[in-house]
Amino acid sequence: MSVKMNLNCPIPQLDFDRITLGHGSGGVLTHKLLDSGVFDLLSNEILDKKHDGAFLNLEGEVAMSTDSFVVNPVFFPGGDIGELAINGTVNDLAMCGAIPKYLSLAFIIEEGLLMQDFWNILVSIKAAAERAGVKVVTGDTKVVERGKGDQIFINTTGIGTIHPKAKISDTHIKTGDKIIVSNSIANHGIAIMSVREGLEFETEILSDTCALNEPVLQLIENFADGIHVMRDPTRGGLGTVLAEIAKDQKIGIDIAQTTIPVEEQVNGACELLGLDPLYVANEGVFITIVDGSIANEVCEQLKVFDTCAKASIIGEIVDDHKGQVIIQSAIGGRRVVNMLPGEQLPRIC
Amino acid sequence: MKFISEYREPELVKKYLERLHEVTTQEWTIMEVCGGQTHSLVKNGILNLLPDKIRMVHGPGCPVCVTPLNLIDKAIYLAEEKNVILCSFGDMLRVPGSKKSLLEAKANGADIRILYSPLEAVEIASNNPDREVVFFAVGFETTAPANALSVVHAIRGGIKNYSILASHVLVPPAIKAVLSDPENLIQGFLAAGHVCTIMGMEDYYPIVKEHNVPIVATGFEPVDLLQGILMVVEQLEKGKAEVENQYSRVVDRDGNKSAKDIISKVFKVSDRDWRGIGEIPESGYEIRQELDMYDADHKFEINIAKAQECQDCIAGDVLKGLKKPHECPQFGKGCTPLNPLGAPMVSSEGACAAYYHFANVEFEEPVS
């Protein structure tokens, strides 16, 4: 969900319209880049101290998460790498039942990246951080020679305080719990793939990248220990996350294909590319496993949020086929959902 | 989704299943030839909805699985040549060669690109005049027209740095080979719908006549497959053996003339080695002699020894339908999609991988 900001890049270009190795040298160019770019744009009282690290005051139990972001193309339908880097770590914290507070932000930039692109990524980072209510408090910038990176890589590490009512743990899962997916799956992976493959559809498929802390924290506030597990099925998709849970917790999971929300054009693209939406990446979807008695209510509350409009109960925990996920196909057949053995590779025919 | 969802309609599926249960009075062994059909049968959980008396056997119709080891080694050899860009469909990359896979060669620095269409490879050749671009042209009759077209485009564009490493195999000779095997158990066939779309149905009449088996050209969606199986079973129950066309919304008896024309412009029929099965006479395509500058096997000197297949792998028996994937002692143990001993464990259309991914708990041991 990109925010259109047509801000011109104010970073003094010093005759550079592209990032050069000098911008990562730690010298004058680095300072110019940071002062007029990162620091000004992301300014807050902690970052403004420009110390080697951030001084933070946190109370209670803390969650921490880190993630690195590499995506080609850097700008894609529905978002860009900057927004992804904020939302990704915010969501990982939210899945722990934490209120995301502070992020570190580190860039590895390939020599030659357009200054205007870098600026656009920063603007997008600022907007995403504001939407998620997090502050960027420390960071780093390195530049690598052309050919040794892919335009820009971003790492974010986040810290959040655990919501006092949160009782999130895989070990709380029990037979009869219901599994809810928060929105249509596979949009992000297909949005990226269709740009890479030059595919066009009647309506553009947009990445689902968004921060999920608001709906997640509301669920915890309202249902407390009724919410047993939350996970965001990013790489590997929904199928992989469920297979992981079933295997690690030695529980049986039943899901029904017809209840899993997939947008029609996403489904069409999956057919065309020979991919299974169950294994396609998401960046704005989470699954939650909740007490069976509250499942309908959880689902209804989620649907109030735009980012969770297609929330759906897709299955339940069963006292059978322990360690396995079984999907009931649309026609009533049953099969196992396994973890992918690697990348999904496009098929010949 | 138009023209797909209609063929996944649960009510229709139910009707076909009911009818199938009604008409089946004896045990029948039927082979679906195409890997795409295997994938769909397993993915949709159709196998355990069928009457117990119907045994589906998964045929040799996965091009990835039957591409000879030697040819994969050749592709890897070419990819590792400094000046070569090797282009391939995605699922060939993980197939184990004798020493490594294309995916490993890529990780070691070979310039290997995954494409959806061979025409993209011609474009890459045109944009990289100083490099040699080789397309690993794998497939059945279905992919042959596009691969042939890429050569035609290269000729038209005067592109001399493009060639294909062709590994094309043909369905009818494979059916004949299965039927001629003394151990054959197959009593009826679902012919591969997409292959028939290109080639038509003509080749199947002599087979039906000689071997007295029903052959039904069949599509890939649940309703297609069940209708195809029903058509075969109805024939078997009545003691008939005919060529029928379930996939008539796509398949014409004569096939696609322009596609066939372009195939014959570039390729000629030749004997072919099938991985796990051996040589089948007149079962593949090779590039016509007058176009040998577009034949990578001819253009480059590839000196590699012919490697031996892994002895533990029973791919041959699986591809001929003599054994089910899970009857292999290595299945899910020594052989997994991450570490495949044989090709059927690699492609999602390979029978072993289809069983591994979608193994049905009701008749399979859980795979760990």
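Me: A residue is buried if 20 or more other C-beta atoms, placed from the backbone, lie within 10 Å of its own, exposed if 12 or fewer do, and partly exposed in between. What makes helix H4 (residues 69-79) of chain B mostly covered?

Reply: Eight of the 11 residues of H4(B) are buried, and helix H4 of chain B is therefore described as mostly covered. The buried residues are B:Leu69, B:Leu71, B:Ile72, B:Lys74, B:Ala75, B:Ile76, B:Leu78 and B:Ala79. Helices (H or I, at least four residues) and strands (E, at least two) are DSSP runs numbered from the N terminus. The model is predicted: local features need pLDDT of at least 70 and side-chain atom pairs count only at pLDDT 80 or more, whereas totals for chains, interfaces and linings use all residues. Residues are numbered from 1 along each chain as its sequence is written, while chains are lettered from A and ligands numbered from 1 in the order in which they are written.

Me: What covers the buried residues of H4(B)?

Reply: The covering elements of chain B include the strands S3 (84-88), S4 (112-114), S5 (132-139) and S6 (162-169). Helix H5 (102-107) and helix H13 (296-299) of chain B are also among them. Contact here requires C-beta atoms, placed from the backbone, within 7 Å.

Me: Which residues have the most contacts inside the largest nonpolar core?

Reply: They are B:Leu86, B:Val134 and B:Ala191, in a core of 122 residues. The largest share of this core, nine residues, is supplied by helix H11 (residues 222-237) of chain B. The term denotes buried Ala, Val, Leu, Ile, Met, Phe, Trp, Tyr and Cys residues joined through C-beta atoms within 7 Å. Beyond four places in sequence, B:Val134 touches B:Leu78, B:Val84, B:Leu86, B:Cys87, B:Ser163, B:Ile164, B:Leu165 and B:Ala296. Another core, of 98 residues, lies apart from the largest one, and includes A:Leu84, A:Phe153, A:Leu242 and A:Val336.

Me: Why is helix H1 of chain A called roughly parallel to helix H3 of chain A?

Reply: The axes of H1(A) (residues 28-42) and H3(A) (residues 115-132) come within 10 Å and cross at roughly 15 degrees. Such axes are lines fitted to C-alpha atoms over the stretch in contact, with angles from 0 to 180 degrees between N-to-C directions. Angles under 35 degrees count as roughly parallel, over 145 as roughly antiparallel, 65 to 115 as roughly perpendicular and the rest as oblique. The angle of H1(A) and H3(A) therefore places this pair in the roughly parallel class. The crossing of H1(A) and H3(A) is right-handed, meaning that the near helix is turned clockwise from the far one by less than a right angle, whereas anticlockwise is left-handed.

Me: Which residues of H1(A) and H3(A) meet?

Reply: A:Gly37, A:Val38, A:Leu41 and A:Leu42 in H1(A) meet A:Trp119, A:Leu122, A:Val123 and A:Lys126 in H3(A). By class, this contact has six nonpolar residues, one polar and one charged. Ala, Val, Leu, Ile, Met, Phe, Trp, Tyr, Cys and Pro count as nonpolar, Asp, Glu, Lys and Arg as charged, and the others, Gly among them, as polar.

Me: What makes H6(B) roughly parallel to H7(B)?

Reply: The axes of H6(B) (residues 118-127) and H7(B) (residues 144-156) cross at roughly 25 degrees and come within 8 Å. That angle makes H6(B) roughly parallel to H7(B), and their crossing is right-handed. In H6(B), B:Pro118, B:Leu119, B:Ala121, B:Val122 and B:Ala125 meet B:Ala146, B:Asn147, B:Leu149, B:Ser150, B:His153 and B:Ala154 in H7(B). The contact of H6(B) with H7(B) has eight nonpolar, three polar and no charged residues.

Me: Why does A:Lys50 count as exposed?

Reply: A:Lys50 has 9 C-beta neighbours inside 10 Å, and therefore counts as exposed. A:Lys50 is found in the loop between H1 and S1 of chain A, with a positive phi near 50 degrees in a residue other than glycine.

Me: Is A:Gln151 buried or exposed?

Reply: A:Gln151 has 21 C-beta neighbours inside 10 Å and therefore counts as buried. Its phi is near 70 degrees, also positive in a non-glycine residue, and A:Gln151 is placed in the loop between strands S5 (135-144) and S6 (152-162) of chain A.

Me: What makes A:Gly236 partly exposed?

Reply: There are 19 other C-beta atoms within 10 Å of A:Gly236, so this residue is partly exposed. A:Gly236 lies in the loop between strand S8 (227-231) and helix H6 (237-249) of chain A. Leaving aside neighbours within four places in sequence, A:Gly236 is in contact with A:Val241, A:Tyr279 and A:Leu340.

Terms used. Contact = placed C-beta atoms within 7 Å.
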